[in-house]
Amino acid sequence: MPAFRIGTRGSPLALIQANMVRDALVATHGWEADAVEIVIVRTTGDRVQDRALAEIGGKALWTKELDRALLAGEIDCAVHSMKDVETIRPAAIAIAAILERETTCDRIIGAESVAALREGAVVGTSSPRRSAQLRKLRPDLTIVLFRGNVDTRLAKLAAGEADATLLAAAGLVRLGRHDVGTTIPPEELLPAPAQGAVGVEARADDERTRSLLAPLNHRDTDICVRTERAFLAELGADCQSPVAALATIAGPSLLLRAELLAIDGSAHVAGNAAAAPGDPDIAPSLARDLLAEAPESIRSLFAGA
Ligand SMILES: NCc1[nH]cc(CCC(=O)O)c1CC(=O)O
């Protein structure tokens with residue numbers, strides 16, 4: 001059979017995630033391991049390392065080049081951290097599968113907890129959500145910009161550029177760094193929409209690839225990630241917005257928790273909603289309710305406001 005080409009970014013975590021997809025395809029379809037080729041595509045987000053992502057401007061920092069390769073037929077599918085995928089995608093590209101989610105929490109590295117950070121501690125992060133949440137909890141903290149892949153950030157921490165940093169537990173676990181940091185429960189720090197989920201995109205009209213990928217889809221993860229993305233979409237927000245959202249399925253019900261913050265953490269609104277899994281309205285209605293409650297410092301951040 002012809003080689004099946006998986007496109008991915010080249011970071012160590014991206015490659016591990018692409019390998020997860022390859023292994024699942026090989027196991028599901030009984031292919032030889034060499035039936036799948038991993039194709040590395042460099043993205044704008046990989047190239048620009050010295051500025052906050054929000055500053056680079058333009059969306060699709062992690063997806064544009066992979067989208068181009070996908071639409072040009074250079075790859076059959078593209079593997080993404082769903083957290084980094086914009087809510088509005090080109091019509092010719094479809095999410096073909098979302099793998100079972102890894103833990104959704106953030107971890108703190110360099111301190112036992114946010115509360116345990118010394119007065120005035122310096123925390124490195126490039127995430128507007130993490131920065132706002134940290135400053136909400138601890139207005140005394142100084143936030144410095146930490147870009148780069150997981151290993152780069154851990155190296156910056158080890159070099160003393162900050163006292164602590166926050167990273168997604170999912171990435172650390174996938175990189176085999178199970179021992180790094182302390183998990184922060186979602187009640188204290190709600191994660192980013194789609195954190196911990198790996199998705200695979202294909203050309204919308206490529207029925208063959210979509211049906212090969214369909215068995216990799218994990219139903220509950222798919223429902224939760226789509227719900228969180230719908231929450232972001234209603235706000236007109238993206239992964240550079242100070243927004244947290246986590247959907248979970250417990251028995252017969254889908255629970256969505258969410259938080260919007262002012263950039264400096266000086267204001268926040270949080271709430272939750274429950275519905276039957278797959279209820280299309282839970283996310284947009286919670287988004288509208290929270291926006292309606294939010295002070296101007298938060299409302300002004302969202303195009304949907
Ligand atoms: N924006 C970077 C990014 N995108 C996905 C992950 C981690 C893996 C995941 O959330 O699935 C990370 C690093 C981090 O936030 O620590």
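## Domains at a glance

Domain bounds here come from an automatic or database domain assignment. Please keep in mind that this is a predicted model. For the protein chain, that assignment gives domain 1 (4-99 + 197-217), domain 2 (106-184) and domain 3 (233-299).

## Where domains 1 and 2 meet

Let's start with the first pair. The C-alpha centres of domain 1 and domain 2 are 27 Å apart. At their contact, 9 residues of domain 1 touch 11 residues of domain 2.

Which helices of domain 1 each supply at least two residues of the side that touches domain 2? They are helix H1 (12-29) and helix H3 (53-56). The largest share of that side, 4 residues, belongs to H1. Sorted by class, the side of domain 1 that touches domain 2 holds 6 nonpolar and 3 polar residues, with no charged residues.

## The ligand and its shell

Now for the ligand. Domain 1 (4-99 + 197-217) and domain 2 (106-184) both give residues to the shell around the ligand, so the ligand shell lies between these two domains. The residues around the ligand are Ser-81, Lys-83, Asp-84, Leu-167, Ala-168, Ala-170, Gly-171, Gln-195 and Gly-196.

Two elements, strand E8 (164-168) and helix H7 (169-174), each supply at least two residues of this shell. Its residues comprise 3 nonpolar, 4 polar and 2 charged.

## How H9 packs against H10

A helix pair is next. Two packed helices are described by the angle between their axes and the distance between the axes. Helix H9 (residues 219-235) and helix H10 (residues 282-293) have axes that come within 8 Å and cross at roughly 45 degrees. That angle makes H9 oblique to H10, and the crossing of the two helices is right-handed.

From H9, the contact is made by Thr-227, Ala-230, Phe-231, Glu-234 and Leu-235. H10 takes part through Ile-282, Ala-283, Pro-284, Leu-286, Ala-287, Arg-288 and Leu-291. How do the residues of the contact of H9 with H10 divide into nonpolar, polar and charged? There are 9 nonpolar, 1 polar and 2 charged residues in this contact.

Definitions and conventions:
Residues are numbered from 1 along each chain as its sequence is written. This is a predicted model: local features need pLDDT of at least 70, side-chain atom pairs count only at pLDDT 80 or more; totals for chains, interfaces and linings use all residues. Axes are lines fitted to C-alpha atoms, for helices over the stretch in contact, and angles run from 0 to 180 degrees between N-to-C directions. Angles under 35 degrees count as roughly parallel, over 145 as roughly antiparallel, 65 to 115 as roughly perpendicular and the rest as oblique. A crossing is left-handed if the near helix is turned anticlockwise from the far one by less than a right angle, and right-handed if clockwise. Two residues are in contact if their C-beta atoms, placed from the backbone, lie within 7 Å. Ala, Val, Leu, Ile, Met, Phe, Trp, Tyr, Cys and Pro count as nonpolar, Asp, Glu, Lys and Arg as charged, and the others, Gly among them, as polar. A residue is near a molecule or strand if its C-beta atom, placed from the backbone, lies within 6 Å of it.
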